[in-house]
Amino acid sequence: MRFVFLDNDTRMLFATAYDGDWDAYIDDFATTIPDYLDIIDSAWEGWPGIRSPEAKDYLAKYQVTAEGWFVANSDLTVAETRRLKRIGEAVEEFLDKVGDG
């Protein structure tokens with residue numbers, strides 16, 4: 001997620017990208033970093049708070065869908081990509097140890 005200040009710091013853009021279900025993504029924010037979000041987002045006019053039942057409606061009201069998006073491995077989720085990266089690193093470590101022996 002990114003926060004960008006615009007127009008002489010009078011406006012703020014919150015930009016994020018997610019992989020999967022939107023509701024689950026917002027729920028993760030609400031359960032993982034609610035206090036942080038409420039501190040930052042309290043500057044938003046009318047922000048009900050991330051714990052509020054109206055939070056998702058508020059976010060959806062101002063949400064703008066990206067016009068374009070590039071994904072190098074469109075058939076893989078972020079979690080799968082991270083898993084493959086860890087496996088690759090483990091294989092490299094194994095091969096290094098075998099090569100040294």
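The model is predicted, so local features need pLDDT of at least 70 and side-chain atom pairs count only at pLDDT 80 or more, while totals for chains, interfaces and linings use all residues. Residues are numbered from 1 along each chain as its sequence is written, and side-chain values use heavy atoms, with hydrogens and water left out.

**Salt bridges**

Arg-51 forms a salt bridge with Asp-35, and their closest N and O atoms are 2.7 Å apart. This pair links distant parts of the chain, as Asp-35 is in helix H2 (residues 34-41) and Arg-51 is in the loop between H2 and H3, 16 residues apart. Helices (H or I, at least four residues) are DSSP runs numbered from the N terminus. A salt bridge is a side-chain nitrogen of Lys or Arg within 4 Å of a carboxyl oxygen of Asp or Glu.

| Pair | Closest N and O atoms |
|---|---|
| Asp-35 and Arg-51 | 2.7 Å |
| Asp-23 and Lys-56 | 3.4 Å |
| Glu-93 and Lys-97 | 3.2 Å |

Asp-23 and Lys-56 form a salt bridge. Asp-23 lies in helix H1 and Lys-56 in helix H3, so the pair ties together parts that are 33 residues apart in sequence. Asp-23 is partly exposed at 36% relative accessible area, and Lys-56 is partly exposed at 24%.

The bridge between Glu-93 and Lys-97 sits within one helix: the two are four residues apart in helix H4, and about one helical turn separates them. Glu-93 is partly exposed, with a relative accessible area of 45%, whereas Lys-97 is exposed at 57%. Elsewhere, salt bridges that share partners join Asp-23, Asp-27 and Lys-56 into one network.

**The nonpolar core**

Which residues make up the largest nonpolar core? The eleven are Trp-22, Tyr-25, Ile-26, Phe-29, Leu-37, Trp-44, Trp-47, Ile-50, Ala-55, Tyr-58 and Leu-59. Helix H1 (22-32) and helix H3 (55-62) each supply at least two residues of this core, and H1 gives the most, with four residues. Such a core is a set of buried Ala, Val, Leu, Ile, Met, Phe, Trp, Tyr and Cys residues joined through side-chain atoms within 4.5 Å.

**Along helix H4**

Now for the surface. Arg-82, Arg-83, Lys-85 and Arg-86 gather in a patch of positive charge. Among them, Arg-86 is placed in helix H4 (residues 78-100) and is exposed, with a relative accessible area of 54%. Patches are made of residues with over 30% relative accessible area and no salt bridge, with like charges joined within 9 Å and nonpolar side chains (Val, Leu, Ile, Met, Phe, Trp, Tyr) within 5 Å.

A nonpolar surface patch of about 540 Å² is made by Leu-84, Ile-87, Val-91, Phe-94, Leu-95 and Val-98. Leu-95 is found in helix H4 and is partly exposed, at 47% relative accessible area.

Glu-89 also belongs to helix H4, and Glu-89 is partly exposed at 46%. From Glu-89 to Tyr-25 is 28 Å in space, C-alpha to C-alpha, and 64 residues in sequence.

Key: Areas by Shrake-Rupley, 256 points an atom, 1.4 Å probe, with all protein chains shown as cover. Lys, Arg positive; Asp, Glu negative; His and termini not counted. Charge placed at Lys NZ, Arg CZ, Asp CG, Glu CD. Buried < 20%, exposed > 50% of the residue type's maximum accessible area, 1.4 Å probe, protein only.
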